[in-house]
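Please look at the structure first, then read on.

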Amino acid sequence: MDIANNGKGQLLYKKAKSIIPGGTQLLSKRPEMFLPDYWPAYYSKAKGCKIWDLDGNEYIDVSYMGIGANVLGYANDEVDNAAKEAINNGGMSTLNAPEEVYLAQKLIELHPWAGGVRYAKAGGEALALATRIARAYTKKDIILFCGYHGWHDWYLAANLSNKDALDDLHIPGLEPLGVPKGLSGTNMPFHYNNIDEFNALMEKHKGNIAAVVIEPIRNKYPLDGFLQKIRTATKSEGIVLIFDEVSAGFRLCAGGSHNVLGVNPDIAVFAKGMTNGYPLTAIVGKHDVMDSAQGTFISSTFYTERIAFAATLKSIEVYEREKVWEKQSEYGRLIQAGWRKKADEAGLDIEIGGILPMSHFSINGKENSLVYKTFITQEMLKRGYLASNSFYTSSAHSVEIIEKYLDDIGEVFKMIARLNCEKISVESQLKGGVCQSGFGRLN
Ligand SMILES: Cc1ncc(COP(=O)(O)O)c(C=O)c1O
């Protein structure tokens, strides 16, 4: 397939950038993050692991599957039929949706340490809610955190006192513009598996810490009892431990990754792993901690709509019935081993990371790794794939699809090796610019 920069998607995106600041609502969906000027940008239809663009071109998604939101594949029939039934019976009314209670029961059944559940619509928003509850419960302000947890003031405040605080924990270039300066000093970052850094912050802010927020797992496995040590320290100080399961939840098992890692938090936040694309997030916590939500005002009309509750209940049912986590890890293992083999065959130096269902790689060479990443996306697009340097697995993929994908990406690896050998820069072979990483203005 030839690729062109005058497809309907790119034309619409140019329009979008003039009337939607930033072009899209999610940084990770910006076409510049993939293939500047050539990424198809918009879809007309998505089904299973296939996506059709506005020109009718068909692609296999071997990248982010709805940025991690479609573990069961796109337009899953069972989940969508549950949503349609909810629509047919009224997605909204003055009375509450019973599915709200059924889902809370299900989440508590999956996390027996918990006794209360609240809901929101987005992952970052749910983290903001969780930190509010923790601050209400402890009547303290400071939050220690590790990793990415959304766009809200409590989080971006980290860059007020140190403008680079979020550079390596999330992305560089985040100006805390619009975040009240009064929040400076209310949250402090630490790095995964660095228990000394964590202990030093605990000591420095002793008596003033409301919560510790961390993804239990993402790119690396916890070492030397890292999570257990955090659990012990927070428990003895009466600090609320919040596990952000937005991305890791419902990928290694039915429920939080902490169920596999053997450490229970006080609050766990679930989002895109559990809903198969419907907008719903859950804040699941110990009963007494969650009870503090009664004393601080958290209330929103659309938190009560029925469709996402119905879809999420069905999504969890399918996930459990088909033991989807087993498939996700099996595919991830195949992908990681395949990348390694194909890179070795081409003679490329590759680094591979991530938990199996959310694997990624980076090529080390003379040029910037983003150049290689962009080239791979460009050449794989020609072969009918939406590809990046990450592969989020779903139950809609198959061994057959993955093996063909590995053969195709192996060919692209060989193209890079050939260019290297002939001393031709890979960047010179890009039709558009190098893809963006991090946060930058688009105009
Ligand atoms: C660990 C983690 N926390 C929070 C978020 C933010 O979630 P959302 O994009 O739904 O606001 C994400 C999104 O990728 C995430 O991976």
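**Residues, rings and a ligand**

Alanine 83 is part of helix H3, residues 77-88 (helices, H or I, have at least four residues and strands, E, at least two; both are DSSP runs, numbered from the N terminus). The model is predicted: local features need pLDDT of at least 70 and side-chain atom pairs pLDDT 80 or more, while totals for chains, interfaces and linings use all residues. Residues are numbered from 1 along each chain as its sequence is written, and side-chain values use heavy atoms, leaving out hydrogens and water.

Q: Is alanine 83 buried or exposed?
A: Buried means under 20% relative accessible area, exposed means over 50%, and partly exposed lies in between, with a 1.4 Å probe and protein chains only. Alanine 83 has a relative accessible area of 2%, so the residue is buried.

Q: What separates the C-alpha atoms of alanine 83 and isoleucine 307?
A: Along the chain, alanine 83 and isoleucine 307 are 224 residues apart.

Q: Which kind of aromatic pair do phenylalanine 34 and tyrosine 64 form?
A: The structure holds 17 aromatic pairs. Rings of Phe, Tyr and Trp (its six-membered ring) pair if their centres lie within 6.5 Å; planes under 30 degrees apart count as stacked, over 60 as edge-to-face and the rest as tilted. For phenylalanine 34 and tyrosine 64 the centres are 5.9 Å apart and the planes are at 75 degrees, which makes the pair edge-to-face.

Q: How many residues apart are phenylalanine 34 and tyrosine 64?
A: Phenylalanine 34 is in the loop between helix H1 (8-19) and strand E1 (43-47). Tyrosine 64 is in the loop between strand E3 (58-61) and helix H2 (65-68). The pair links distant parts of the chain, and the separation is 30 residues.

Q: Is lysine 139 buried or exposed?
A: Lysine 139 is in the loop between helix H5 (123-138) and strand E5 (142-146). Its phi is near 60 degrees, a positive value in a residue other than glycine. At 71% relative accessibility, lysine 139 counts as exposed.

Q: What is the relative accessibility of methionine 65?
A: Methionine 65 is in helix H2. Although not a glycine, methionine 65 has a positive phi of about 40 degrees. Methionine 65 counts as buried because its relative accessibility is 1%.

Q: How far from an oxygen atom of the ligand is a polar side-chain atom of lysine 272?
A: The residues surrounding the ligand include Gly123, Gly124 and Lys272 (a residue is near a molecule or strand if one of its heavy atoms lies within 4 Å of it). For glycine 123, a backbone N or O atom is 2.8 Å from an oxygen atom of the ligand. For lysine 272, a polar side-chain atom is at 2.7 Å.

Conventions. A polar contact is a pair of N or O atoms within 3.5 Å; within protein, one must be able to donate a hydrogen and the other to accept it, and residues adjacent in sequence count only if both atoms are side-chain atoms.
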